[in-house]
Every structure is written in structure tokens, then in C-alpha cells.
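Subject: Structure handover

Hello,

Here is the structure for your files. My notes on it follow below the display.

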Amino acid sequence: MENHMDYVEQVEKDATIERLSSLAREDQLRKHHDEENSQQDWPAWRQEARAEARPQEASELEAALRCMHGLGLRTLQLLEREASGRESANVAQFIRLSLPSRYFQQTVLPAAARAILLDTLTYKDIQLAHGDTMFKPSINRVKDVLGLTAQESLAEEGCARYGPDGVFAVLDIAASFADLQLTKTAAHITSSMGYAGIDAYADAKDACHSMTVKFARFVLTTAPSTDDLLAMLDNGRLTTFGISPVDFDKEQLRTELSKLPRTSTVAPDLPTELPLARSDWMNDDGTSRFKVTSIERPRTAGDAHEQHLTRQTSARRRQADRLLSVALPVAAALIAVWAAQSSLERLYAERPFTAWGALLVLVFFEAMLGWLFYKAVFAVIDFPAESFFHLARNLNYGTVLQGRRDPEFLNALRSVRPEAFTRSKNAGLGRLFAVFVDEGGILLLGPGRQPSIVAAFHWLHVRDVAAAKPSGKHSASAGSADPKVEFLLKTGGSDVPLRFPLERAKVAWTQRSFLEAKPMDATLSYLRGRLHLTTAMLGGSANSAKHEADALEYETRRRAPLQLASSNTIRSRRTDLARAFVFIALLYVAALFAVSLL
């Protein structure tokens, strides 16, 4: 039965492709014939240009028609519907432009290209209503918050999970907001900015947060009307969903939201809590789970383009921070008053005013020491981050990652580098370890003042560098997992994913706005670039056997421990922190002793 259905679908696909091909070729012949009849009125330069362009257009059309064999039946039917509704003079051009020219040499388009084409054709009404500029970014953002990959489409996988009406409503609202948000974020861009305006415009588009997981869940479960959304704009509730900016005109928003009709009821089979997935680096409200800092006083161009990416502290850590900032000074003052109680009582019996003055000075001084102790404690807590960035700047000028060791990572590493575990059950890696690259490949660095290279992976044996997909199967807890980096390693005849949670990174030669908008993509772009450059240079070479031998030598080479200048800086900083604790303790005791002498 299934084979029969596949056969029927294939027959229908072939028939659709044949109709589209016939329609497009007839249109192109008609266009060229009309041009030949009217070109006697054209200037010579235009006649030459069109004579050169016609063979190229015919070749591109045939390539585009070949690509259609890799499309699904639904996509082909949408293409045919769109082509049939156009004027005859535009059909061939529409076919050529609908399929990306970089895929013209392929008979099967990549899944990501097929997905975006299907979504573009399916949600053409939204594109026509709200414009082209923010249509594709809105599709990508909605796919992200609904937990879809680049290879999945809203029209198929999205509708299968959340219903066609729900997906349409989420995308329509996102496009409505994005169109108005861009007018705000790009208001400062002028033609006089030149090439800087191109970067500013890209930043302005990234600054449009038109949909979040939290807001998508609200839209899918409540199906808000235009009036509901306008009321949320008035009372400021949109900001609680992470939508920003929202300082646009109410009537403009009403106009955008009213362009297309949306269903006003929730489908009865939708659960109350939808199992939306999200990116590991994004919270439910659309905020990033990373914070980005820059070098305060850059001395070189490399310093200016170096960014520091760090995991945001947890809510529990922030709460503890606020609590201790008050509790430690108060506790220090109370303990000091209790310890000096007898001395203060004796002094009060003899000189009351002096006793009150001593009490006030003691409380103030010891509270200040308690606050300094609080700062010293959190300096120790933040010391690993400070040490890593010192280390990273000494390793190389490129991007350096800091990962966190976990059982999944160790198991994967054991399968590709079992010799690293002969002397240590953790392969000589600390709880936090550095990952950096050189011209040969990727290196894992152990701990210590003179750290050793624990494992090396040549670029020829690295298939891909990417952010690991969220764990879980489209579950609400998927986004609660730690953001992970994945190296896909080629070992023998199989691929082994080496994943580890990303704790922080020194990111080189990257715009801050890109890092804030897409932290994982921006962080790994340097490593991907090195990988693609090396594989492009060596992958198709005739000396593949020699390159393979060099790769094996690189991975098995014995390397001396690294002598890094940062080791002395880190050791000096650690000593300074120890001295600070001793100094605070001595001042604390000295203040109590001074009160006893009064």
C-alpha cells in the first residue's frame, strides 16, 4: 500500500514538473521572440547585452528545472500555483529566481534550502502583507522558538506539531512586530554612513526581538486577537514576554495586525502547556544565557575586536550575591560589637560620649571590612574566569573556548583517545579545560602552571564544528540543558560527536552585536573558518596519503608542557587575593584591640 502511494506521488510529481517546465520554456521563448521583434528600436549596447544574456538565462532555467526533481510534491504544487497566477512574461524568471543558483549543479537541494522554499511559498500572503525585509528573519526566529532546525519547515514539521492556524498566527504576529521594530532600530541609519551603514542595518535587524518562546506559547494557547495585543501594548505586558522594542505607535500596530485574518479560537487538541523547545543559549523570555564583555582600553585592532563570552550567573547566585552584600557587613559589625562589649561597657561607665563615638566608628569600620571581605570572596569565585582570559590571550590570537568536563564528554573522548586515560581517569583534564586551535587542528589543554596538551585532532579528522542540538525531543526542558559545543570527529569508518558544555570563551575578530544576537554561531565561526579553509586546501589534493600521514603524526606527537607568561600573572593574582584576606583579618582584629585600649 505504501509503495503504491509513493508511486502515485512520484507520478504526480513528474506531471507537475512537466507542466511547470513546459510553461517556463514557452514563456522564455515568447519573451525572447518579443525582444527580437522590438530590439530594432534599442541602442546597440542594449542589443549586445541582451544577446549575451539570453544563453545564460536559458542555461539557468534548465538548471533550475533539473533542481525541481529534488523538491517535494507540496512544494511543486505551490510553485505551479504561484507560476500560473503570474503574467506569462514572468514565469521563467520566477522559476529561475525561486531556486538558489548555487544549487544549480545539484539534482537534490539540501534540506535547509527545500525548507525555506516551502515556507516562502506557503506563507506568501504574510510576505506580501508585511514586506520582504523582515520576512525571512521572522521565519528563522519563529523556527528557532518553536524548536525547529534549519532542515525543518514551518509548513510541514511546524504545522504537524502546533497546527497550521497556530503557526500562521505566530508567524504573522512576529512579522507584524518585526516590521515596526525595524523602523525604530534603524532610525539612526543615514546614507552618509557609507559602508558602516550596512553593518548598522544588520545590527538593527538583529535588535528586533519579535518572538520569544514565552510569547509563542502564549499565542498558541490563547490565540489573542488584535485588540488583546493592543491592550498588552498599552499596559506594558509585551515587555514581560521579552518582546523589544515595543515603543511603536498603537495605530500602526493595529494596521499591521489587521492586514491578515487570524483564527480567534484555540484548537481543542492543543495542550495547555505546549512542549516548545528552544535554543540552549536562549531563555524563555528571549534573553541570552550568555553575557558579553569587551576589553575596556583596547590597544590594538585585535583588542578592539576581542570579546569575552561568559555564562550568565544563575538566579540563585544573583540572589546569594545580593544577600551576602548586606549580610556580611552586618555580621561583621555585630560580631565586632559582641567581641568588644566588655570594653565598650567599661568605657561607657567612665566616658559615655567617647564610648558612643567608639561604637559608631567600630560599627562603620568593621562593616566596611565586612564589605571588603564580601568583595574578596566573590573575587575568588570569579578567579577561574579571570585566569582563563589571561591564559587565552597567551595561547593565541584566535578564539579560545573553555569547556566543562562531564561524563558524556569523557566517554566520547575515551572512544577516540583511549591512550589519554592510561594515567588518569579524567584524561588529565581539569573540571574546566581550554580548547584552542593552531594551523594543524584542535587541541585540548590540561590544568596547571605548565599545562600539557591532553589530546589533538587534526583538521582532516574533524568533519564539523557546531553547537550541539538541544537535548531532549522537543520538550520544555530541552532549553534547560547547558549550551554545548560539538566536534564531529572522523575515526575509522564512523563519526564520533565530542560534546562539552561551553562555560566561557575568548572570541576573536567578531562584532559584539553578532555575538550578542547569536552567541554560539559567532563563537564557533572562527573555528569553522579554519576548518573549511584547511579542508578546502587539503581535501582534494593528490597527496592525500601524505596529508593523512601528517595528520596522524600531528595527533600522536609528544608535546612539551607549555611555558606561558600568563602562569606568572595568575600566580601573582592568587597571591594578591590571599594577602587581601590576611590584611582584612588583621585590620578586623586591630580594630577590636584599639577599642580595648581606650
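Buried, as used here, means under 20% relative accessible area, exposed means over 50%, and partly exposed is in between (1.4 Å probe, protein chains only). Helices (H or I, at least four residues) and strands (E, at least two) are DSSP runs, numbered from the N terminus.

This is a predicted model, in which local features need pLDDT of at least 70 and side-chain atom pairs count only at pLDDT 80 or more, while totals for chains, interfaces and linings use all residues. Residues are numbered from 1 along each chain as its sequence is written, and side-chain values use heavy atoms, with hydrogens and water left out.

Overall figures

The protein chain has 24 helices and 9 strands. Of its 598 residues, 43% are buried. Taking contacts (heavy atoms within 4.5 Å) with a separation of 6 or more, 71% are between residues 24 or more positions apart. The chain exposes about 31,500 Å², and carbon and sulfur atoms supply 56% of that; accessible areas come from the Shrake-Rupley method with a 1.4 Å probe, and for residues only the protein chains shown count as cover.

Helix α18

Helix α18 covers residues 352-381, 30 residues in all, and reaches 43 Å from its first C-alpha to its last, close to the 44 Å expected at 1.5 Å a residue. The expected span is 1.5 Å times one less than the number of residues. Its buried residues include Ala355, Leu362, Glu366, Tyr374 and Phe378. Among the elements covering them are α16 (315-339), α17 (341-350), α19 (383-395) and α24 (566-597).

Phe364, Met368, Trp371 and Leu372 make a nonpolar surface patch of about 410 Å². Patches are made of residues with over 30% relative accessible area and no salt bridge, like charges being joined within 9 Å and nonpolar side chains (Val, Leu, Ile, Met, Phe, Trp, Tyr) within 5 Å. Tryptophan 371 is in α18 and is partly exposed, at 37% relative accessibility.

Salt bridges

There are 19 salt bridges, each a side-chain nitrogen of Lys or Arg within 4 Å of a carboxyl oxygen of Asp or Glu. Lysine 484 and aspartate 406 form one of them, at 3.4 Å from N to O. This pair links distant parts of the chain, with lysine 484 in strand β8 (residues 484-491) and aspartate 406 in the loop between β3 (400-404) and α20, 78 residues apart. Both lysine 484 and aspartate 406 are buried.

Glutamate 408 and arginine 499 form another, with the closest N and O atoms 2.9 Å apart. Glutamate 408 is in helix α20 and arginine 499 in strand β9 (residues 494-507), so this bridge ties together parts 91 residues apart in sequence. Asp406, Glu408, Lys484, Glu486 and Arg499 are linked in a network of salt bridges.

Backbone and cysteines

The peptide bond from serine 244 to proline 245 is cis, with omega near -10°. Proline 245 lies in the loop between α13 (237-240) and α14 (250-257). Two alanines have positive phi: alanine 223, near 45°, and alanine 427, near 65°. Alanine 223 is buried at 14% relative accessible area, and alanine 427 is buried at 5%.

Cysteine 159 is buried at 14% relative accessibility, as is cysteine 208 at 5%.

Regards
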